[in-house]
Amino acid sequence: MKRLLNLLPPLAFAGALLLIWHVATDMRLVSPVFLPTPARALGDLAARFADGAIWEPLGATVQRMVLGWFLASMAGIALGAAIGLTPLARDLLEPTLEFLRPLPASAIIPVAILFLGLSESMAVSVIAFGSIWPVLMSSIFGFGAVRVRLQEVSALLGLSRTEFLTRIAIPSAMPDILAGMRSGLAVSLILAVVTEMQASLPGLGRDIFLAQRSFRSGELYAGLIMLGLLGVLINHGLQIAENRLLRWRPQRS
Amino acid sequence: MTIASTKAYAPSGASAPVTVSLRHVGVTFGAMGRPVLEDISFDVREGEFLSIVGPSGCGKTTLLRMLAGLLRPTVGEALFEGLPIIAPSRQRAIVFQDYTNALLPWRTVAGNVALALEKTMPVKAQRDARVAELVAKMGLSHAADRFPTQLSGGMQQRVQIARCLSQEPRIMLMDEPFGALDAMTRQTLQDELMALAAERRTTTVFITHDLEEAIYLGDRVIVLAANPGRIAETIEVELPRPRNQLTTREDPRFLAHRHHLFGLLQGH
């Protein structure tokens, strides 16, 4: 009951926005070519669900995004562990990473297309390149912050390097790793859409792009709403996974 | 309580084998630094409970870390069962003062104790049984599935002690283990520790800055002086065991030790 009551204000706010949107379009304050009524946008989305046309582009986008994000996360954690735990790797890699990091991932797209063509692997590479940074940076921090005391405990118990990594370093860095992975997932959604638009790969991004080109504004906004819903869903899913993995942490009030 | 019965617990004195032996040990940090410890020599005999007390900055913790193998003496020789101490070993368990930092916050009480056994007891059922036994021994059975952040300081320190016991060490090195606890918990844990040490005849080196704690627990007390850390005096504690928070602390011999050592620590 309390939880339901807590949901009321945010729902009311979203409802108010929808109402403003409705009034603005219904009174023709904005041309329907640019902005359809919310009813039409939502109707178009519902129709695409009803006839099943949404699943293919949705599936393509999600698959591309999750694959790129997963590869980025694995590479980011591995590199982050190396840099965070060994000064040698830090000295060796950090200057190069500092150079690569500020490069906008979208600027990499032409290079990726040059090497990999307008392909799925091009898209996945670009997504991975862009979404590795948050997880890499927070992993470096997380592994670097493993308590000295725990390193001593590990030495006193005679744990091997691998045992130290799996039993102490990774769980210790896990809160930071997960926070980085969550930011990385948001980036991967952005890049999935951008690569689809640039390389005309099947997916929600391309559909939005094509809808705009042909002035099908209902479909355009249906695509945007779908992306928004996708983001909310993914974030919520990760939040649940995080709470489960980090249930040892004291509850924040 | 007669003096004779005390010897049932006390180490067999000079006849017991030497567990740890320090010979003119000195520790200096950095090439040009001032020595932290200088010319420290003593033996710890098997089954002995040795207290080391001293003011802050006298190198007590450095001394204990050296015994654990976390750092090496700059000069002199530190031997454990006849061999030089060059690296940490499971045979020498250390109980840190900062229990919060020494436990894995993502593991339950049972999980933290199990950490020390995962290498030596690969069979899970066997390990679980051993963990349950140790957890029960430290009076933590009701909290076995709780995380460290859900426990009081005294309970967290019990977890750390249980983990060290599970190593079945040849010697327990304790670095002001009860320093951060309230007086009541402290006394309870002192008595539990003494009972454990007596039962297992575990050789123990106990560091503290609390004079009374040093006398109350120890068979012998080494007093360190500061700048540089060196041995000021060693006394044999002639108090009957088992000891009692009330009667032992009121014993004239306890008070005499206290007077004597208090003067030393004050530099008189």
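Which residues does B:V113 touch, leaving out those up to four places away in sequence? They are B:V131, B:L134, B:V135, B:V159, B:A162, B:R163 and B:S166. Touching here is contact: C-beta atoms, placed from the backbone, within 7 Å.

Some housekeeping. This is a predicted model: local features need pLDDT of at least 70, side-chain atom pairs count only at pLDDT 80 or more, and totals for chains, interfaces and linings use all residues. Residues are numbered from 1 along each chain as its sequence is written, while chains are lettered from A and ligands numbered from 1 in the order in which they are written.

Back to B:V113. B:V113 is among the residues with the most contacts inside the largest nonpolar core, along with B:L67, B:L173 and B:V205. That core has 118 residues. By nonpolar core I mean a set of buried Ala, Val, Leu, Ile, Met, Phe, Trp, Tyr and Cys residues joined through C-beta atoms within 7 Å. Buried means 20 or more other C-beta atoms within 10 Å of a residue's own; exposed means 12 or fewer; partly exposed is in between. Helix 6 (residues 120-144) of chain A gives the most to this core, with 13 residues. Helices (H or I, at least four residues) and strands (E, at least two) are DSSP runs, numbered from the N terminus.

Next, the interface. 14 residues of chain A are in contact with 17 residues of chain B. On the chain A side, helix 7 (148-156) and helix 8 (161-199) each supply at least two residues. Helix 7 of chain A gives the most, with 6 residues. The chain A side divides into 9 nonpolar, 1 polar and 4 charged. For those classes, Ala, Val, Leu, Ile, Met, Phe, Trp, Tyr, Cys and Pro are nonpolar, Asp, Glu, Lys and Arg are charged, and the others, Gly among them, are polar.

Helix 5 (residues 105-116) has 12 residues and reaches 15 Å from its first C-alpha to its last, close to the 16 Å expected. The expected span is 1.5 Å times one less than the number of residues. Its buried residues are A:A105, A:I109 and A:A112. The arc is that of the directions from the helix axis to the C-beta atoms. The buried residues of helix 5 pack against helix 6 and helix 8 of chain A. On the other side, A:A107, A:P110 and A:L114 are exposed. Just after helix 5, A:G117 takes a positive phi of about 75°.

Helix 2 (residues 38-50) of chain A should span 18 Å, and its end C-alpha atoms are 18 Å apart. A:A41, A:D44 and A:L45 are its buried residues. They cover an arc of only 95°, which puts them on the same side of helix 2. Their cover includes helix 10 (217-245) of chain A. A:A46 and A:A50, on the other side, are exposed.

Last, chain B's sheet. Which order do its strands take? An open sheet of 4 strands runs 2-1-4-5, with antiparallel pairing. Two strands pair if DSSP finds at least two bridges between them. Strand 2 (35-45) and strand 5 (83-84) of chain B stand at the edges with a single partner strand each, so one side of each lacks a neighbour in the sheet. Strand 4 (residues 75-80) joins strand 5 through 2 bridges. B:P84, in strand 5, is the bridge partner of B:L79.

Definitions and conventions:
Two residues are in contact if their C-beta atoms, placed from the backbone, lie within 7 Å.
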